[in-house]
Amino acid sequence: MAPSVADIKSAEAVTDGIAQLKLANETVQAEQKADPGPSYPKYLPHFDPEEKWPPIELFEHTDAGLRANPAKPNLLTENAKVSHISPYLGTEIRGVQLSQLSKEGLDEVALYTAERKVLVFRDQDFKDLGFDRQIEIAKHFGPIHRHPTSGNVKGYPEFHIVYRDAQHDRFSDYRGGNRLTRLGWHSDVTYEKQPPSTTFFFILDQPPQVGGDTLFASQVEAYNRLSPEFQKRLEGLKALHSAVYQADYAKNRGSVVRREPVETEHPIVRVHPVTGEKALFVNEGFTRKIVGFKQEESDFLLKFLLDHIAKGADFQIRARYEPGTVVVWDNRLVVHSVNPDYKAEHRRHAIRLTPQAEVPIPYVSEPSA
């Protein structure tokens, strides 16, 4: 007897189901074959719930740039090829190996970073130096900050790990999921009493071809663009910088909080201890309010300053990553944001070493005669 129409349709459904399962399995296998995993698995983010730290105590700090030879003979040798990215910030350097610099050369890195705000070193061997040597170089500039919530390297809490791939995106909703953009201008951990200075950032894995650059904006030029009368209004003002939201976000995700969150008041205009330049010191990531202002007043002034910084494309740069790139910036003088313009399935794996510096120096104008 010939099969019925129902029998034929049932057989076709089974066949289609098997074909779909086979296709799905082949797709998964192809993806696994195409993705060999992270190039540096020892640097994958580590979270130990038993890792707890006391509050950070104040310490004396002398900026390495104060010891530097202004001519920078140990850094800018005849082999160095220097190309400025913008008049206000950003310099690309080739022909110099950070790992081979003397102490005097590292002092000159601190000075040059303060002067140019962001240095982009190409063709570096930094990522292959190993944990101890990487820390040794960064510690030249100050005690390395241990982040209270981010992933680190097991046994090496000095490393701040940045990691995202198709299965891992811890900060997809950090600023809220219903947003037009995931850009987030900030200076690193400004809630600390002694925020960072000369900061090192290097890429281990990056999106293929393009994507995942870091944007930087000069807080010095942002201040300089303000009218003299407006600059006077900012003098003496302080803003509150808070770690509370960052800690609460980690707690709500069941992640670690190694140190209780702090809130610190910092001057809105700070002075660099080496160059004497004045810079705005507010950022979207951690600045919560203007001290002494009512809520509406604080919101209004902060929104103006943050919009001014974010929209200042003529005092911003984009640091593009190549294999072997190390970006060094002065966290006292710039804000930055990753440009999350790459596909979700692409891996971006990077490391930050973040030396801390002085208590921010407030700007106080000379009294008029």
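The predicted model holds 24 salt bridges, each a side-chain nitrogen of Lys or Arg within 4 Å of a carboxyl oxygen of Asp or Glu. Local features in this predicted model need pLDDT of at least 70, side-chain atom pairs count only at pLDDT 80 or more, and totals for chains, interfaces and linings use all residues. Residues are numbered from 1 along each chain as its sequence is written, and side-chain values use heavy atoms, without hydrogens and water.

| Salt bridge | Closest N to O |
|---|---|
| Asp63 and Arg332 | 2.8 Å |
| Arg122 and Glu322 | 4.0 Å |

Asp63 pairs with Arg332. The two lie 269 residues apart: Asp63 in the loop between helix H1 (5-34) and strand S1 (81-84), Arg332 in the loop between strand S13 (326-330) and strand S14 (334-338). Helices (H or I, at least four residues) and strands (E, at least two) are DSSP runs, numbered from the N terminus. Asp63 is buried at 5% relative accessible area. Arg332 is buried at 1%. Buried means under 20% relative accessible area, exposed over 50%, and partly exposed in between (1.4 Å probe, protein chains only).

Arg67 sits in the loop between H1 and S1, Asp107 in helix H2 (residues 103-116), 40 residues apart. Arg67 is partly exposed at 46%, whereas Asp107 is buried at 7%.

Arg122 bonds to Glu322. Arg122 is in the loop between strand S3 (118-121) and helix H3 (131-139), and Glu322 is in the loop between strand S12 (316-319) and S13, 200 residues apart. Both residues are buried. Shared partners join Glu92, Arg94, Arg122, Asp123, Arg320 and Glu322 into one salt-bridge network.
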